[in-house]
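Subject: Handover of a structure and notes on its features

Dear colleague,

Please find the structure below, handed over to you for your studies. My notes follow it, and I would ask you to keep the model open while you read them.

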Amino acid sequence: MDSSSPFRSRRIAPAVALAAAVTLTLAGCSSSSGGKKSEESADGASAGKASTPQMTVALVTHQSPGDTFWDIVRKGAEAAAAKDNVKLVYSADPNAGNQANLIQNAIDQKVDGIAVTLAKPDALKDVIAKAKTAKIPVVGLNSGVSEWKNLGLMEFFGQDETVAGEALGNRLNSEGAKKAVCVIQEQGNIGLTQRCAGVKKTFSGTTETLYVNGTDMPSVKSTITAKLSQDKAIDYVVTLGAPFALTAVQSKADAGSKAKIATFDLNKDLTSAIDKGTIEFAVDQQPYLQGYLAVDSLWLYKNNGNYMGGGEQPVLTGPAFVDKTNVDAVASFAAKGTR
């Protein structure tokens, strides 16, 4: 990222940089519950459509019901599918065993490619091996940057969650924080664990981990409220998703706490909260780009034998900080559901 960019992100070498800018007309998207499969088409996309034969790509994630983060991933995937003449089949389940079954379903359907998140990679190892045996190319996105090569995936698109956590920990130091609580909404999710571990590694103050049930937002609110009420020394709450940050704002008010709130990930309500000052900053991993590149990479591989990252390095889509100084640059995109 050049010095003229409003975003400051840490790079890891030898990370793969994205050099080309792509202009897209975005397709609409509606959220679906985890575990339910839906076939999506990006109607109305005005960008040129590939003349290659239609191929089918399965996008299988660990989305929990109601988690709007994945709407952004899907919009990116749908935009690439519309451009590349791809039939996109989306399915999701937060339970790793069920997610493995969804991947097996895609194998049985003889899809042309699979894009998968690796929140709990050990549970997916065997089924991914079956996809390779069936000669179905598999790429990873969002979660699993430390595991994708071990599982034999061709490519990976996302951020290094440890690096992102370390960057946030350093940011807390610059903010003068002394005690932070890192809120994990899904136990066993490797990416979320790595984020909090990264924060703890670089933050010079005290870091505590608080586990909540991310599928039960009233419970999330009451758990954070109780923690803030119990420990008035906490001066920063770090959440790992936009909806949880917005809930933490309510918890802070209920507890009468003076803690500040920072988070990973964006949505339109989160950018508004940053602008209003109720949330200090967010770490953006560009989920739209993750979905877009995952689908586009499978089309490129099938039609031109290309590997992004050469099959050796992940393509990093983050991290970058969004705060009050630069939120205006992404707010309009967030309002459209693409950031």
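What is the torsion about the S-S bond of Cys182 and Cys196, and is the disulfide left-handed or right-handed? The torsion is about -85°, so the disulfide is left-handed. Please bear in mind throughout that this is a predicted model.

The disulfide

The structure holds 1 disulfide. The bond runs between Cys182 and Cys196, with a distance of 2.0 Å from S to S. Cys182 belongs to strand β7 (residues 179-184) and Cys196 to helix α5, so the bond ties together parts that are 14 residues apart in sequence. Cys182 has a relative accessible area of 1% and is buried. Cys196 also counts as buried, at 5% relative accessibility, because buried means under 20% relative accessible area.

Aromatic rings

There are 4 aromatic pairs in the structure. In one of them, the ring centres of Phe69 and Trp70 are 5.1 Å apart and the planes meet at 85°, so this pair is edge-to-face. The reasoning rests on a cut-off: planes over 60 degrees apart count as edge-to-face. Phe69 and Trp70 are both buried.

Another pair consists of Tyr236 and Phe281, which is tilted, with 6.4 Å from centre to centre and 45° between the planes. Tyr236 is in strand β9 (residues 236-239) and Phe281 is in strand β11 (residues 281-284), so the pair links parts that are 45 residues apart in sequence. Tyr236 is buried, at a relative accessible area of 2%, and Phe281 is buried as well, at 0%. Together with Phe321, Tyr236 and Phe281 make up one aromatic cluster.

Two charged side chains are also placed over rings. The charged end of Arg171 sits over the ring of Phe321, at 5.0 Å from its centre. Lys83 lies over the face of Trp299, 5.4 Å from the ring centre.

The second largest pocket

The second largest pocket holds about 470 Å³ of space. Its lining is made up of 31 residues, and those closest to the centre are Asp67, Trp70, Gln185, Glu186 and Phe244. Which elements give two or more residues to this lining? They are α1 (69-84), α5 (190-202) and α7 (242-255). By type, the lining residues of this pocket divide into 11 nonpolar, 15 polar and 5 charged.

Ala79 is located in helix α1 and is buried, with a relative accessible area of 4%. Along the chain, Ala79 and Tyr288 are 209 residues apart, while their C-alpha atoms are separated by 9.3 Å.

A second example involves Lys125, which is in helix α3 (residues 125-133). Lys125 and Ala100 are 25 residues apart in sequence, and the distance from C-alpha to C-alpha is 8.8 Å. Lys125 is partly exposed, with a relative accessible area of 46%.

Backbone features in the loops

Where is the cis peptide bond whose omega is about 10°? This bond joins Gly318 and Pro319. Pro319 is part of the loop between β12 (315-316) and β13 (320-323).

Two residues other than glycine have a positive phi: Lys135, with a value near 60°, and Asp265, with a value near 80°. Lys135 is in the loop between α3 and β5 (138-141), whereas Asp265 is in the loop between β10 (260-264) and α8 (268-276). Are these residues buried or exposed? Lys135 is exposed, with a relative accessible area of 73%, but Asp265 counts as buried, at 6% relative accessibility.

With kind regards,
A colleague

Conventions: Residues numbered from 1 in each chain as written. Predicted model: local features only at pLDDT ≥ 70, side-chain atom pairs only at ≥ 80, totals over all residues. Heavy atoms only, no water. 1 Å grid on protein atoms, 1.4 Å probe; cavity = no way out; pocket = protein on both sides within 12 Å on 5 of 7 lines; lining within 4 Å. Points joined across faces, edges and corners; volume = space filled by probe spheres on them. Helix = DSSP H or I, 4+ residues; strand = E, 2+ residues; numbered from the N terminus. Nonpolar A, V, L, I, M, F, W, Y, C, P; charged D, E, K, R; others polar. Phe/Tyr/Trp six-rings, centres within 6.5 Å; stacked < 30°, edge-to-face > 60°. Buried < 20%, exposed > 50% of the residue type's maximum accessible area, 1.4 Å probe, protein only. Lys NZ or Arg CZ within 6 Å of the ring centre and 35° of its normal. Disulfide = S-S within 2.5 Å.
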